[in-house]
Amino acid sequence: MISTRRHRVLIIGAPYDNFKSMDDLLSRTRAAVWHPCTQMKDLEATPPLAIARGEGPWLIDTAGRRYVDAISSWWVNLFGHCNPRINAAITDQLGRIEHVMLAGATHEPVVALSERLSALTALGHAFYASDGASATEIALKMSAHYWRNTGRPEKNAFVSLQNGYHGETVGALSVTDIPLFRATYEPLLRHSARVPSPDARLAASGESPAAFAERCAAALEAHLAAHAETTAALIVEPLVQGAAGMAMYDPIYLTRARELCDRYEVHLIADEIAVGFGRSGTMFAFEQAPLPGGPAPKPVRPDFICLSKGITGGYLPLSSVLTTDSVYAAFYGDETARGFLHSHSYTGNPLACRAALAVLDLFEQDDVIAANRAKAATFTTILAPVRAHRRVRHFRRCGMIWAFDVAGATPGFAARFHRAALAQGVFVRPIGNVVYVMPPYVTGDDEMRQVCDALLACLDAPEV
């Protein structure tokens with residue numbers, strides 16, 4: 001205990017020393033914390049998992065029970081909890097500088113990270129924020145401001161895919177098409193257009209995913225032909241629409257979207273917040289969409305890429321938007337109003353940047369993309385009994401993401417499935433009637449077998 005005349009400060013050895021039991025912690029969280037995407041009354045029936053620590057792919061609660069983190073703590077954890085190499089990088093940075101504002105100052109971690117992200121994406125200057133929705137806001141504002149700076153201020157509308165999700169701040173929600181998130185705030189939102197999603201589940205009987213994607217691209221073409229003069233950008237989640245229930249589609253849609261955006265002078269924004277950093281099987285999902293022509297076609301390059309979630313391995317909040325040199329050049333000049341007037345207090349935080357640099361080191365040093373390809377094939381084999389289950393429909397995979405729809409799911413299915421999986425030692429959170437698995441890359445065969453057994457037990461449970 002440290003005392004002064006004005007205050008007393010209790011120094012505690014660990015963040016868990018100040019509660020009497022798990023029940024005490026849960027009571028306090030209900031009284032003090034407003035949890036995200038949660039009807040707080042539901043916590044009476046389904047209390048949140050009281051986590052004390054993490055270890056690789058495992059979450060460990062305050063009673064010592066272990067759970068496979070099968071969804072990477074909302075898709076952010078890449079290399080396991082308490083990864084020693086990321087820990088070491090952050091610890092080293094703590095002894096140097098924890099934060100300095102990026103307006104009027106710079107530092108080695110943010111410069112090094114920007115250089116490495118540029119090399120990976122073939123895009124230029126990186127602009128930083130703290131979360132995915134903010135990255136979406138930045139890309140939208142930057143696109144519209146670009147057109148204003150180039151003498152075309154009428155190009156300030158946006159188009160996105162049906163069932164798309166890009167965040168829940170007001171600008172990001174304007175290009176999101178998930179009614180649960182959007183409907184209540186509709187009066188606050190700016191109108192934007194929707195075009196059909198190439199979600200392969202929506203294809204006609206006998207229609208291939210590629211043919212359906214081509215049909216959806218034709219609808220995009222029709223929209224741009226009519227509205228290109230007022231459209232700033234198309235924003236898409238490449239290959240996988242996460243909140244739509246892990247809706248997966250053929251890469252040909254991205255190829256066609258790039259061609260159409262070029263033809264009609266519209267920016268292409270790739271929201272890789274969820275699918276970037278190896279989740280799709282390549283470092284970035286857009287790499288799987290080749291541009292036609294030549295003996296070795298180059299992959300599609302977006303005009304903007306939004307990054308977050310896995311960028312720091314699940315350690316610290318960070319997001320980034322990278323764009324082309326031509327977009328950057330349109331803001332460069334003598335007038336302040338011509339610059340990009342957007343800021344966040346923790347932009348380019350050194351601790352977060354060091355964590356991100358450690359993540360990129362892990363990718364390079366451990367050849368993670370190649371290792372994940374082999375691991376994904378093994379995990380798909382392990383999950384074969386789930387695929388064959390009588391209740392499973394549309395079993396699908398993209399890289400290190402597996403998903404399936406559950407037939408006959410009734411209201412409350414997601415919460416019931418979540419509780420049943422916890423009883424089996426697995427942490428999953430279905431989206432409606434869609435169950436998905438997106439584990440950390442350090443997950444082993446034994447952990448995935450436990451996930452498989454848990455999913456089967458939940459599917460077989462009459463009450464689920």
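## Cavities, a pocket and helix packing in a predicted model

The model holds 2 cavities of 30 Å³ or more. This is a predicted model, in which local features need pLDDT of at least 70, side-chain atom pairs count only at pLDDT 80 or more, and totals for chains, interfaces and linings use all residues. Residues are numbered from 1 along each chain as its sequence is written, and side-chain values use heavy atoms, with hydrogens and water left out.

Cavities and pockets are found on a 1 Å grid over the protein atoms alone: a cavity is a set of points where a 1.4 Å probe fits but cannot get out, a pocket is an open set with protein on both sides within 12 Å along at least five of seven lines, and lining residues have an atom within 4 Å of a point. Grid points are joined across faces, edges and corners, and a volume is the space filled by probe spheres set on the points.

The largest cavity contains about 50 Å³ of space. Its lining consists of Val236, Pro238, Leu254, Leu268, Ala270, Phe286, Val300 and Pro302. For the second largest cavity the volume is about 30 Å³, and the lining residues are Leu383, Val386, Phe395, Trp402, Ala403, Phe404, Val435, Tyr436, Val437 and Leu455. Strand E16 (401-406) and strand E18 (434-437) each supply at least two residues of that lining; strands (E, at least two residues) and helices (H or I, at least four) are DSSP runs numbered from the N terminus.

The second largest pocket has a volume of about 760 Å³. It is lined by 29 residues, of which His125, Ala126, Phe127, Tyr328 and Phe340 are the closest to its centre. Helix H4 (108-121), strand E6 (126-129) and helix H10 (325-329) each provide at least two lining residues, and H4 gives the most, with 4 residues.

The table lists the linings by class, where Ala, Val, Leu, Ile, Met, Phe, Trp, Tyr, Cys and Pro count as nonpolar, Asp, Glu, Lys and Arg as charged, and the others, Gly among them, as polar.

| Lining | Volume | Residues by class |
|---|---|---|
| Largest cavity | about 50 Å³ | 8 nonpolar, no polar, no charged residues |
| Second largest cavity | about 30 Å³ | 10 nonpolar, no polar, no charged residues |
| Second largest pocket | about 760 Å³ | 15 nonpolar, 13 polar, 1 charged residues |

**Helix pairs**

Axes are lines fitted to C-alpha atoms, for helices over the stretch in contact, and angles run from 0 to 180 degrees between N-to-C directions. Angles under 35 degrees count as roughly parallel, over 145 as roughly antiparallel, 65 to 115 as roughly perpendicular and the rest as oblique. A crossing is right-handed if the near helix is turned clockwise from the far one by less than a right angle, and left-handed if anticlockwise. Contact means heavy atoms within 4.5 Å.

Helix H8 (residues 209-227) and helix H9 (residues 252-264) cross at roughly 15 degrees, and their axes come within 9 Å. H8 is therefore roughly parallel to H9. The contact involves residues of H8, among them Ala213, Glu214 and Leu220, and residues of H9, among them Tyr253, Arg256 and Leu260. By class, this contact comprises 12 nonpolar, no polar and 4 charged residues. The crossing of H8 and H9 is right-handed.

Helix H15 (residues 445-460) packs against helix H14 (residues 413-423) at about 130 degrees, with the axes 9 Å apart; the two helices are therefore oblique to each other. Phe417, Ala420 and Ala421 of H14 meet Leu455, Cys458 and Leu459 of H15, a contact with 6 nonpolar, no polar and no charged residues. Leu455 also lines the second largest cavity.

H15 packs with helix H12 (residues 368-382) as well, at an angle of about 35 degrees and with axes 9 Å apart. This crossing is right-handed. Thr378, Phe379 and Ile382 of H12 contact Asp445, Met448, Arg449 and Cys452 of H15, and these residues divide into 4 nonpolar, 1 polar and 2 charged.
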